[in-house]
Amino acid sequence: MTINIECVILRHLQMELKSPFTTSFGTFQTKEFILVEAVDRDGVSGWGESVAFSAPWYSEETVKTNWHMLEDFLVPLALAEPIHHPNELSKRFSAIRQNNMAKAALEGAVWDLYAKRLGVPLYQALGGAKKDIEVGVSIGIQPTVDDLLQVIERYVDKGYRRIKVKIKPGWDVDIIREVRRAFPDVPLMADANSAYTLADRERLKALDEFGLMMIEQPLAADDLVDHARLQPLLETPICLDESIRSYDDARKALDLGSCRIINIKIGRVGGLCEAKRIHDLCAERSVPVWCGGMLEAGVGRAHNIAITTLENFALPGDTAASSRYWERDIIVPEVEVHRGLIRVPDAPGIGYEVDRRQVERYTQFVKVFHRPPTA
C-alpha cells in the first residue's frame with residue numbers, strides 16, 4: 001500500500017488541567033502541545049500528538065523545539081516521497097539526532113493514517129491483541145499527606161489497578177509509610193523522576209519495607225551505570241523511564257542489570273516503531289514493560305492504548321480516563337475507565353474521532369505544509 005500525504009497540518013494547542021500536577025521537577029497547570037494531522041490525497045486524516053512540555057524539565061525537548069524540528073526538517077522529509085509503511089520514517093528521520101518527541105508525533109499521524117487505509121484498528125496494525133487494558137493512575141505531589149491519601153482513596157474506589165505516587169527528597173519514605181498504612185494491599189509504586197543520587201542509597205533502600213511494585217527512575221535521566229550499581233542493593237525492582245530513549249538504551253540497561261522493569265513512552269523513544277522494538281526485546285528477556293503517561297490529550301492517549309495491547313505490556317500503565325485531566329477532551333468518545341480497565345476501540349485507526357470543534361477551541365495557531373509538486 002502506498003500513502004501519498006498531500007499535506008501536514010501543525011496546530012499549537014493549549015489546554016487547562018482540571019487540577020495542578022506536581023512532580024519533583026515542576027508543577028503543571030496548563031498543557032501546551034502540538035497536534036499533527038497528516039492528510040492523504042483522498043482526504044483521509046491521520047492524527048499524532050507531541051508530548052513535549054513547554055519547558056525542558058522532563059527532557060531537552062520543548063513545544064517550541066518540536067515545532068522547529070517538524071516545520072524545518074521532519075515534515076519536509078515526510079512529504080518528499082510516498083510512504084509504503086510507517087516503519088520507513090525511522091530510516092528517513094535517522095539523519096536527525098534525538099528530537100524523539102517531534103519524530104513520534106509525525107510518525108504517529110502516519111500510523112493512524114496507515115491503519116485507516118487498511119481499514120483496521122491501530123492496535124491490530126501494530127500486532128496487538130488485547131481487547132481491554134489494565135490501567136493505573138499517577139498522582140502528583142500533594143500539599144499535605146492527608147490530601148494525598150484522599151486523592152488515592154478516590155482512585156482506589158474507582159477501581160484503578162495500580163497507584164503511582166511521585167516522590168522527591170523530603171517527600172518519600174515517611175510519605176510512602178503513611179500511604180501503605182492506609183492502603184496495605186493496593187499495588188503501589190514510587191516515581192522519583194531522577195531526584196536522587198547514589199548518595200541517597202540508604203534512603204532508597206528504606207523503601208524496600210513497603211512492598212512496592214517498583215521505584216521508577218530514581219537516579220539521573222541519562223544514567224545506566226549508577227542504576228546498575230543501585231539495583232543489586234534493593235529488593236524493590238528499579239524501573240527505568242527517562243534513561244531509555246531507544247532500543248539500544250534498553251539493550252544496554254538489560255545487559256548491565258540497571259533495571260528489572262521498563263516504562264515505554266512512545267514520545268520518549270521516538271515513535272511506535274521503536275516502542276514496539278523495545279517491547280519485543282523485553283519480551284525476549286522476560287522483562288515486563290508498561291506504558292507511561294505524559295499528560296496526553298485524547299490523541300496521544302489513544303496511541304498509548306493501542307501500543308499497550310501488545311502482549312508484554314504486563315503491568316498497568318498510566319493511561320487514565322480523559323476526565324482525570326480535562327474538562328473536555330479533543331476526542332469522541334472520551335477515554336473512559338471501568339473497574340481499572342479501558343476497552344480498546346475497534347474503529348479503524350486510533351479508534352476515536354477527533355472533535356474538530358474542541359480542537360479549534362484550544363488551538364492557538366496553525367500552519368499547513370503541502371506536498372511539493374514533484375513529490
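## Exercises on a predicted model

V36 sits in strand β2 (residues 26-40). Keep in mind that the model is predicted.

**Exercise 1.** Work out whether V36 is buried or exposed, and list what V36 is in contact with beyond its neighbours within four places in sequence.

*Solution.* Start with the surface. The relative accessible area of V36 is 0%. Buried means under 20%, so V36 counts as buried. Next, look at the contacts, leaving out neighbours within four places in sequence: V36 touches V8, I9, L10, G46, W47, G48, L70, A105, L106 and A109. Now pick one of these, I9. I9 and V36 are 27 residues apart in sequence, yet their C-alpha atoms are 5.9 Å apart in space.

**Exercise 2.** Describe how helix α9 (residues 247-256) and helix α11 (residues 272-284) cross, and say which residues meet.

*Solution.* Two packed helices are described by the angle between their axes and the distance between the axes. Here the axes come within 9 Å and cross at roughly 20°. Angles under 35 degrees count as roughly parallel, so α9 is roughly parallel to α11. The crossing is right-handed. On the α9 side, Y247, A250, R251 and L254 take part, and they meet E274, R277, I278, L281 and C282 of α11. Sorted by class, this contact has 6 nonpolar, 3 charged and no polar residues.

**Exercise 3.** Find which residues have the most contacts inside the largest nonpolar core.

*Solution.* That core has 126 residues, and I262 and I330 have the most contacts inside it. Helix α3 (residues 100-118) supplies the largest share, 11 residues. A second, separate core has 6 residues, including M189, C239, I261 and L315.

Notes
Residues are numbered from 1 along each chain as its sequence is written. This is a predicted model: local features need pLDDT of at least 70, side-chain atom pairs count only at pLDDT 80 or more; totals for chains, interfaces and linings use all residues. Side-chain values use heavy atoms; hydrogens and water are left out. Axes are lines fitted to C-alpha atoms, for helices over the stretch in contact, and angles run from 0 to 180 degrees between N-to-C directions. Helices (H or I, at least four residues) and strands (E, at least two) are DSSP runs, numbered from the N terminus. Angles under 35 degrees count as roughly parallel, over 145 as roughly antiparallel, 65 to 115 as roughly perpendicular and the rest as oblique. A crossing is left-handed if the near helix is turned anticlockwise from the far one by less than a right angle, and right-handed if clockwise. Contact means heavy atoms within 4.5 Å. Ala, Val, Leu, Ile, Met, Phe, Trp, Tyr, Cys and Pro count as nonpolar, Asp, Glu, Lys and Arg as charged, and the others, Gly among them, as polar. Buried means under 20% relative accessible area, exposed over 50%, partly exposed in between (1.4 Å probe, protein chains only). A nonpolar core is a set of buried Ala, Val, Leu, Ile, Met, Phe, Trp, Tyr and Cys residues joined through side-chain atoms within 4.5 Å.
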